[in-house]
Amino acid sequence: MLSSPMLVSFALILSLPLVLYLSPQILPTTYFPFSPDADDLSLFRRATAAPSSSSSAAHTTSHLATTTNPKPKIAFLFLTNSNLSFAPLWEKFFAGNHHLFNIYVHADPSAAVTSPGGVFHRRFISSKKTHRASPTLIAAARRLLATALLDDPLNQYFAVVSQHCIPLSSFRFAYNYLFKNPLISLASFAGSEYNFSYRSFIEILSDEPNLFERYSARGANTMLPEVPFDAFRVGSQFFILTRRHAKLVVRDQRLWKKFKLPCITEEPCYPEEHYFPTLLSMEDPNGCTGFTLTRVNWTGCWDGHPHLYNPPEVSPELIRQLRESNSTYSYLFARKFSPECLAPLMEIANDVIFRE
């Protein structure tokens, strides 16, 4: 018969794997769950295995255990190659809603971007160099999505924004806007509960004038057979995805192997505007609105860049105009604003931008 000390030792040995498995979820962490040199593929594989919803992880995540009815969160994914000049404006946007959002920043390591502190403190993820009109921007967005999937199972919407983006409403308005009117599937869970699901807000266009030039940028027939021309789509590189679509993106390898190929002609090659709308259009078109909630002014665009707003243009009337759309959807964010716009934007923040 085993002695008591031996039984205790034996029990500790048996419980060690369980402790190691649960410790990242039980203990508070101040870092993201991968090393600075982690391989993207490894990160994406672990993100794909992350819980699909907050309910499936509620019993294993300690920070959920303290909340009887945890609310879903919005993950804000900042993709930047310069300092976050509008951090003070975003601070006002997020104020008082810490339990409803998370922030993740992918900053180009060669740009020496510094953290503005506040809600952005320690929210910078391990990043890699990015180049305009290259698949590195796709990889950066996928890195952000994977990190947010792993970090918090309550993250249910994933909003990709840039350092030039500003909010056009209060956080509460944006939150309620995103989580209203879900699609209702007739497929039910155990019992008689319906499956409520939300749609992604991503622009998906099939009638752009230079669509074929964009499609052929890597060479004739290079995209075949995975992406036939009639399946190729264009859209904004800034979007808001649901959790199921974020997992779909980080899980994908089939289309990624095509879109990561270098372009022969640079002019129509903007893979970050092609990959996401094409993938989601092919995989789940009914789960997408086909509309982005980030307003961009392409009037007088130059070299692929949209209109850049400067301080004299900032006014309450501009904010009201940027919110409006020709669709049933309203814009929640806008770009592209010069850093010098911060002062006039802060002057109208409380009375115009964040006024309910």
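The legends below describe close-up views of a predicted model.

Local features need pLDDT of at least 70 and side-chain atom pairs count only at pLDDT 80 or more, while totals for chains, interfaces and linings use all residues. Residues are numbered from 1 along each chain as its sequence is written, and side-chain values use heavy atoms, with hydrogens and water left out.

**View A. Strand β2 and its parallel partner β1.** Helices (H or I, at least four residues) and strands (E, at least two) are DSSP runs, numbered from the N terminus. Strand β1 covers residues 73–80 and is joined to β2 by 7 bridges, the two running parallel; strands pair if DSSP finds at least two bridges between them. A75 is placed opposite N102 of β2. In β2 (residues 101–107), 7 of 7 residues are buried, where buried means under 20% relative accessible area, exposed over 50%, and partly exposed in between (1.4 Å probe, protein chains only). F101, I103, V105 and A107 point one way from the strand, and N102, Y104 and H106 point the other way.

**View B. The β-α-β unit of β1, α5 and β2.** Right-handed means that, with the strands pointing away from the viewer, the path from the first strand over the helix to the second runs clockwise.

**View C. Salt bridge between D151 and R123.** A salt bridge is a side-chain nitrogen of Lys or Arg within 4 Å of a carboxyl oxygen of Asp or Glu, and the count by this rule is 8. The N to O distance for D151 and R123 is 3.5 Å. D151 belongs to helix α6 (residues 136–151) and R123 to the loop between β2 and α6, so the contact ties parts 28 residues apart in sequence. D151 is partly exposed at 23% relative accessibility, whereas R123 is buried at 19%.

**View D. Salt bridge between E226 and K257.** The closest N and O atoms are 3.3 Å apart. E226 sits in the loop between α8 (211–215) and β8 (240–242) and K257 in helix α10 (residues 256–259), so parts 31 residues apart in sequence are tied together. E226 is buried at 10%; K257 is partly exposed at 41%.

View E. Of the 9 residues in α9 (residues 243–251), 7 are buried, among them H245, L248 and V250. R244 is partly exposed, with a relative accessible area of 35%.
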